[in-house]
Each structure stands twice: as C-alpha cells, then as structure tokens.
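Have the viewer open and follow along point by point.

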Amino acid sequence: MLSVKQMESVGIVLQRGENNSVYALLKPNIDIIGGQLFLIEDEGKKTVARLDDYFYINEFFDEKTPFSRTLLNDKIDVELLNMNTVIRAELSIVKRYNHSTIPKPGSIVKFLPEIADEKDLLSFYQLSSSQGYIKYGRLAGSKIPLLLDLNAITMHVGIFGETGSGKSYNMRYLITLLSNIEIDGKITSIPLIIFDANGDYSDFTSFNIDLVSKGRGWIKKYVMRDPLSDYEIKLSIDLSLFTAKDLADFIISLKYGDIAPNSLQANILEQVLSQHDPQEYNWLLSTREGIESLKIELQELKNTGFSPSSIRAVVSSLEIFLNKVRKYNFVSSSSSFNEQTLDVIWNTKGLAIIDFSSDGAPGVDISTKQLIVSYVSRLVLDYLTKAKYSGKQKLIGVVIEEAQNYIPSNDYPVNARITKEVLVTLATQGRKFGASLFLVSQRPAFVDKYVLSMLNTFFFHRIYHEDVKYVMSATGGLPEHLAKSLPSLETGYVIVSGLMSALKSPALVKIPWDDRIGSYTGYVMSIENILVS
Ligand SMILES: Nc1ncnc2c1ncn2[C@@H]1O[C@H](COP(=O)(O)OP(=O)(O)OP(=O)(O)O)[C@@H](O)[C@H]1O
C-alpha cells in the first residue's frame, strides 16, 4: 500500500481511454510536461499514471459561433478566456497499488506524493529493498528519484540525443552514480572502460577524481601522444589478438576508405599473414623490416598466378598501415592495455578512460580508433568469457561515444567491419559473461538496428525529428505521444525506459545540475560569460 504524504488535487478523471489509459481534466494553472507522472485516487485505490498527451481547451473554442468571431474583432479579454480554460489530458497507467482496476470517472488526479524516507520510496516502487538499485535524477514534477536496477545493466544501455541535448552531462552523472554504489554500507563501483570522444571525462583522472574514486582503486587515462602526467599512459595494442582475415580486411580497406575493400587483395594478404604465428603480426606489420619481409613473401605469390598489380596494391596498403603505426606508435607485443590491465580494472573496480579527443589522440583518424575499439572489445570479451568458464563471474562496463562510427547502420557511410562483428558479439553474449555496453550517439538512426534492438535500457534526450520513427521501431515500447515529444525535450530532461527503470515503463526524469559534474571540456559557456571571463 502506498502510504506517503499526499498532495492537493490537480484534476479529475472523466473517461476511460484505450489501452490502460484515462482521460482527465487538469487545472490550467499547473506546470506540467509530457512524460510526467501523476497519482490517481479512486476511493482509496491508488494508481500512478503518465501524462502521454495534453492540450489546453477553452469553452469559447468553437470558431463557428458568432461569439468566437466577435472575440477576434473586439478587444480580447484574456483574463476572461483564461478562466474558462482547462487541460485535457491523456494519462496511461504505469503502476497500481494492490488492485487491478482502471480509475473510474470522478477519480482525483494529484501530483506525485512527497517521499519522506527510504520506507516511503520502497512503498512507492513496491520494492522490499533498494539493494542493487541506484537513485537517478528526479521523476519530472516531483522530488522522487528514479530507481535504476543494476541487475539489468548487462542488458546494455543506449544514450541518445542531438548535439547539446545533455548526453555528456548525463553520462558523467551516470558515471558518478556507478562509481558510488553503496552495498552493505560500503562504497563500490562498476569497473568501466570509456571511449571518450571529446575529452569529456578527463577530469575524472585529475581535479575531479574524488567524484569517482571512493569505490575505485585505480583510475587512468590512455592517450596516443606522449603522456604528460603520472595518471596518463601511452596506449598500445597487440595485433596478435586479431585473425589474419580481420587484419587483412582492415589494412586493405585503408586504401579504399568507406567503400568495401578489394576482396582479392584482402585474400592475398590474408594468405600471407596466415602462414605466420599471430605473435609475429606486431613485428611483421609495424616495423620496416617486417613489411620488407612480407613484401618478399608477396613477390613469391606472383609465381602462383596473382597479378603484379594486385600484389603492388597490397604492398601499398601495407605501407599506409605502417605509416599510421609509426605516426602514433601504438602497436607493441607488450601492449600497455592487455589482460593484466583488465585484471586490475576488475580487482580494483577501476576506471580506464581511452582519450580519443584532439588532446589525447591528436590527428588520429576514425579507422585507427576503430582498430583500438575492436582490440579492447575483443580483450574484454575473451577476459570475461574465460572468467565465466573458470567459474568466476566478472563484470565490466564499456562506454562507447559516437557509437555510429563503430556500429554504423547500412545508411551511414562508415566502413566498420573491424568493430561491428565483435561489438555485436559483445552485445549478444554480454549478459551471460558480464559485459555491459553503454552506446552514446547523436544519431541513433545511424547506429546498426540489430545492435540497437539488443539494448534494453534507453535514455532519450532531445533527438532529431528524423530519428523519432527509427527510435520507435528499433526500441519498441515507447508510446507514440511520448516519442513525438522527443524533438522538443528541454535540455536536462530525459525519458528513461527499459529494464533498468524500477517503473518498468517510460517516464520523464529531470537530471539534477551539479556544477562539478557540469565542468568538463564539452561544457558550453554562455556568450555573456565567455565575453567577460
Ligand atoms: N541536467 C542539466 N541541467 C541543466 N543544464 C544542462 C543539463 N545537462 C546539460 N546541460 C547544459 O547543456 C549543455 C550541453 O550538454 P552536453 O554537453 O551534455 O550535450 P551533448 O548532448 O553531450 O552535446 P554534444 O553531442 O555536442 O557533445 C551543457 O553545457 C549545459 O550547459
């Protein structure tokens, strides 16, 4: 039974609607917003319902009547019109408290109740314990936090919103919550690896470290330039983790950009590489001597019928790859990010930020970033799979910003063969082995639809109009009116839907502002402040 301090009435139910909804009239002078939750009381039976759609109606509204026409000609009495305005609202039922009925006409609509303590909160969510839940933001129009169920985190999370809609701030807020989880009176954290596209999380390794360090024993930032402090590590990866085919496809595609690589050339390179032990890939592909030795092997293939022009094309792709590797010096058989790193991350509930911003990875192109994302994802998948098969379940979260560059839909002109397959596997197998993907994107329509359908919790910020249809079909379950409101959502508000939400139904949440969480590279200062600072 929900037993908390009740609020004043703000409206009344008039009629039952379709599919678990009711129509109600609400007072015109209250502040409301689509997606907000209300409490409905029907003779002691309590129900929580979401405002899906609403509009203001006025009793004078009938343009055909002579009275309405004179309103337009004469001086309009705004006061008089206001007095006769009400809000017509469609509310759909989200939660019922010990009953299974639909509120009858005459039921009273109220704002959500005030929650005084943990007991009230549990009774609101009908939970017996809040263990395993984190408190996220406030349900719009109330002071009630949304409880997020950590047990559903391995079912993967999508965070979507157009530029400036508040994704980075939200991700930063989520990271602070995932870094301060209280279990049995102790603070612990979800081990996390973040691919940071714009340097938005850099401060978590330095001046804002205390926001994330209480439950963590290790926090580092990986950069592709020379490290500048002791919390930075130069990133290097080990190519022996890839198959000959993956590397051949990747290297050949460097020459062809976004179009599909030449499969004959990829086959030639695969054939040569597969004659070597994978441990030799680092030397073969990242040193001048290695490339020269591959060239000799390639020349020998001429005798087996491959054309000199195909062989020349393969050599030229190898040179392109060598140039990249030399420029950023990121390949090594004693890679700085390896299985031991994952052990440290797991054991210390650590945080590794892979800085892909122009500061941490100056001039590094998307294909190199893809190779790194693919490498780390393979490492995580292998690590978690081995742990599970040896009887020890582990858990690592992987945050991928600008997800459309790594798992693009067919409409997005980026070739991501090297990342797509492993990320699909991580998404499908993650739940069993303890991987939790957080995909962040400005354009969900450009993220692979199959992967999108494997995400089970969504944070929708304001999104582009063209993305609404796509989001609705790929995610399912978002009511039409709510989906339609997405392009006009205010910054700081987010619609949370899916398995992690203790409401089990989409709802609008206000993300609280905190100056320290809000001070990061991507933060946009107002023009007045920029000019006078
Ligand atoms: N919860 C919030 N409350 C108040 N203001 C917010 C909130 N979240 C974000 N903002 C404001 O919106 C600005 C943009 O937010 P943010 O950087 O998170 O957007 P974004 O969606 O990540 O944009 P981009 O995709 O361009 O990186 C912030 O600098 C801040 O001024």
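Predicted model: local features only at pLDDT ≥ 70, side-chain atom pairs only at ≥ 80, totals over all residues.

**Notes on a helix pair and a sheet**

1. How do the two helices cross? The axes of α5 (residues 244-256) and α9 (residues 308-328) come within 8 Å, with a crossing angle of roughly 95 degrees. That is why α5 and α9 can be called roughly perpendicular to each other.

2. Now for the sheet. It is open, has 11 strands and mixed pairing, and runs in the order β8-β21-β20-β19-β10-β18-β17-β13-β16-β14-β15. At the edges stand β8 (138-139) and β15 (232-234); each has a single partner strand, so one side of each is left without a neighbour in the sheet.

3. Have a look at β10 (residues 157-160) beside β19 (residues 457-460): they pair in the parallel sense over four bridges. Phenylalanine 160 stands opposite phenylalanine 460 in β19.

4. Which helices pack on the sheet? One is α4 (residues 167-179), which touches β10, β13 (192-196), β17 (396-400), β18 (435-441), β19 and β20 (493-498). The direction of α4 makes about 145 degrees with that of β10. Another is α11 (residues 366-389), touching β13, β16 (351-355), β17 and β18. The direction of α11 makes about 165 degrees with that of β17.

Technical notes. Residues numbered from 1 in each chain as written. Pairing = 2+ DSSP bridges. Contact = placed C-beta atoms within 7 Å. Axes fitted to C-alpha atoms, helices over the stretch in contact; angles between N-to-C directions. Parallel < 35°, antiparallel > 145°, perpendicular 65-115°, else oblique.
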